[in-house]
There are 4 protein chains.
Amino acid sequence: MKIKTKKENRREQIIKAAEEVFSKKDFLNSTISDVAKQAGVSDATIYEYFTSKEELLFSIPRENIENSKNILEDHLVYIKGASNKLRGIIYHLLSYYQENSDFAAISLMILKTNRKFMETEIYNYLREYYQIIIKTIEEGIESGEFKKDISPHFVRSVILGTIEFIVVRWLMKGAPADKTKPVESVDALFDLIVDGIKLENNLRDFKCRIILEPQDAPGK
Amino acid sequence: MKIKTKKENRREQIIKAAEEVFSKKDFLNSTISDVAKQAGVSDATIYEYFTSKEELLFSIPRENIENSKNILEDHLVYIKGASNKLRGIIYHLLSYYQENSDFAAISLMILKTNRKFMETEIYNYLREYYQIIIKTIEEGIESGEFKKDISPHFVRSVILGTIEFIVVRWLMKGAPADKTKPVESVDALFDLIVDGIKLENNLRDFKCRIILEPQDAPGK
Amino acid sequence: MKIKTKKENRREQIIKAAEEVFSKKDFLNSTISDVAKQAGVSDATIYEYFTSKEELLFSIPRENIENSKNILEDHLVYIKGASNKLRGIIYHLLSYYQENSDFAAISLMILKTNRKFMETEIYNYLREYYQIIIKTIEEGIESGEFKKDISPHFVRSVILGTIEFIVVRWLMKGAPADKTKPVESVDALFDLIVDGIKLENNLRDFKCRIILEPQDAPGK
Amino acid sequence: MKIKTKKENRREQIIKAAEEVFSKKDFLNSTISDVAKQAGVSDATIYEYFTSKEELLFSIPRENIENSKNILEDHLVYIKGASNKLRGIIYHLLSYYQENSDFAAISLMILKTNRKFMETEIYNYLREYYQIIIKTIEEGIESGEFKKDISPHFVRSVILGTIEFIVVRWLMKGAPADKTKPVESVDALFDLIVDGIKLENNLRDFKCRIILEPQDAPGK
DNA sequence: AATGAATGAGGCTTCATTCAT
DNA sequence: CATGAATGAAGCCTCATTCAT
């Protein structure tokens, strides 16, 4: 592991503080002063490391995304089959947000709707990250696990949309103290994505009618 | 139809202006002056109709929700079967956001993460509105259209999560000018929810094993 | 008694309302709206009767002063002797403030320190009113009841100063609900003004020394 | 003497400016901008030292009260006898207001009728200060200088009421330019308090009649 | 005579940012 | 490196006052 310089440490200390502060209030309701206080430095010091409040905000996700990506890739090599991998991905995303609720709040409640952030290099990095979902679904299509006519891109939207919806709800009411954790939804989501909600339709559609005809008496 | 007083008209005019302004910038980056200018009144006039900037914000969704609810209910009476209704609901939600993109932006990018709004009466009204999804799914379970072991509440999260995800993406890049409209996702979402992504799952899962046992000779 | 026109009644109704409102908050913290609400008229109506908020304020004392003056004069004719009259005056001033605490608040806490009010005709009328104290003291000096070397003007300051101090204290803490009423101070004030606080001063100051010299015998 | 930090100096500079500004207009008619201009700093700077306009107002009296108290105590140790001390107190109060007319204006015309100020710690300190009057009168009663049946608390009201009345009058007309200074009233007030206004009554009540009879001529 | 409706003017307060030390 | 100190710019909100009806 790379040894960090003092400067880098101070930088991360400020980012950490910003993460905590921005996640509690909004971004616009948080002040540089709040962050400085939380970091134990002066307001001015923050400007030694970041040119503006916004740059500080945009600096928060990078490390988290890298971290999340590393963990996920670590796990996926252990898993075989697109379907199994997909469950692993869903589990990881829910779990990472759950365990890093400050990052989740900033990511889902601040950055997600920030147009400037979308033009950032970090945002591209995030998109790249989510390619892993698309890749997995494509893999499943090729292997015959998944239907041919589904759009991997769209399925990714369903997965991310649902996960984000669940996590935001959780954050909005007393997370992380809340008892019902996001991770608990992993199988509900996975099953629905894979199987849908329709009742075993074949059984209904293809009623089995077996007609037994009396056999002629053999000795006829 | 009820005739609106001058005062009500002016009120709606301001709400409309606020809707346009807040949806372009954030709430916090929008100013009362911006809204006043857009509405063609003075700053002070806004305070004749709303006690604070926040109250103005919270006043935006009411009419939209009522409107959306009315339209949806109108349509649903024409549709039979939980599955068909579900598609109608998905279609309507995507379509209403698409046709009212300012409201969509405010609803999904501002109010959704506003804790104070969640304590509002209007928010309760919204939750009530979404009960219709849950009711429909329950109906489908009872009628045998949907599986017994799914959670209607969770399915609602998938539907709303996906829809909101799609709409936010659309809003974030030049909507409503964007060529790919949210509504186009209606069948992808409906099919996925209903059928899942797994290939012909029933045919694989329920292998048919027919055992014919020799009948005892009748004349035994 | 003069019959009041509708207009005059409305005017007085507004003044009464203003008295109540201004006495509760300050003048500057009270709004025309508050007064209008209290009076049961619209804001605009107030401007039909008064050209400005300040004119409304300055209109409050007139009637009170006239009223107070009339009552006092009524009583004084029944009293003989400067000293007795003085006690009557003190009693009346304390009592009038006590019974008209809204007027007291406006008079002592708003108008007293308002430079513009001092240039008002009404203020002159008030000064004139207080001449009665000075007159009474002069009368006492002439009659030999009071010392020759006291300044009537100054004694008036002591009387008014003390009364106003007591009334303001009373107003500042929950008057008129407060149990200790201003009027209860009447004799303490009167006695102090008349007698001072020094113990039996004359008996100590004027020691009597009588020297008798023996007379020469006449028949010497 | 304690060396003041830069910050303390700046604080005092602002308080001084506020004292000058608030004493000229009212509190509510004075603006933070006025104070800032007078202090030679920006509006925002004031908020680095005081959390609100009101806190700034309430910060004005503290130093003055401390100062006034110190001076008075300094002098009182040189004076013997309750009566003499009382005169010293009256002299000092008149004199301190006279020499610090801005403070006098704020104290007597703004704070005196401010209910919130009455709940302040500083206000309690002020009440404590005025205990010295009560103590002195009690001392006089015990020593036999003053009557037994007077209320020290009430006498304090007469003294403060008169002083405040006189000072306010002085402030209301062109103080401190005015030629008649508050201090000039010291003996009038002292004498009245001590002796009252009644003509030396003993001399009237006990008329001395000395009759000299002509002596018979010795050589008759 | 009364008022509903509108607003210009202005004040308090906040905060990101700068810079000399 | 770090920061204490200062501020320009800006926003929300209030309210006395006006005027057409």
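**Notebook: the A–B and D–C interfaces**

I began with polar contacts, and across the interface of chain A and chain B the rule finds two residue pairs in polar contact, both at pLDDT 80 or more. The rule I used takes a pair of N or O atoms within 3.5 Å, where within protein one must be able to donate a hydrogen and the other to accept it, and residues adjacent in sequence count only if both atoms are side-chain atoms.

I note that this is a predicted model, in which local features need pLDDT of at least 70, side-chain atom pairs count only at pLDDT 80 or more, and totals for chains, interfaces and linings use all residues. Residues are numbered from 1 along each chain as its sequence is written, chains are lettered from A and ligands numbered from 1 in the order in which they are written, and side-chain values use heavy atoms, with hydrogens and water left out.

**Chains A and B**

I looked up which helices of chain A face chain B, and found that H1 (6-24), H7 (115-118), H9 (152-172), H10 (186-195) and H11 (201-205) each supply at least two residues of that side (helices are DSSP runs of H or I, at least four residues, numbered from the N terminus). H9(A) provides the largest share of this side, with 15 residues.

Sorted by class, the side of chain A that touches chain B has 25 nonpolar, twelve polar and 13 charged residues. Despite my search for salt bridges (a side-chain nitrogen of Lys or Arg within 4 Å of a carboxyl oxygen of Asp or Glu), the count between chain A and chain B is zero.

For the area, I recorded about 4800 Å² buried between chain A and chain B, with 64% of it on carbon and sulfur atoms; buried area is the accessible area (1.4 Å probe) that two parts lose on being put together, summed over both. Phe165(A), Met172(A) and Ile197(A) supply 16% of the area that chain A buries against chain B, more than any other three residues.

**Chains D and C**

I then turned to the other pair, where 50 residues of chain D are in contact (heavy atoms within 4.5 Å) with 50 residues of chain C. Chain D and chain C bury about 4700 Å² between them, of which 63% lies on carbon and sulfur atoms. On the chain D side, Phe165(D), Met172(D) and Ile197(D) supply 16% of the area buried against chain C, more than any other three residues.

How values were computed. Ala, Val, Leu, Ile, Met, Phe, Trp, Tyr, Cys and Pro count as nonpolar, Asp, Glu, Lys and Arg as charged, and the others, Gly among them, as polar.
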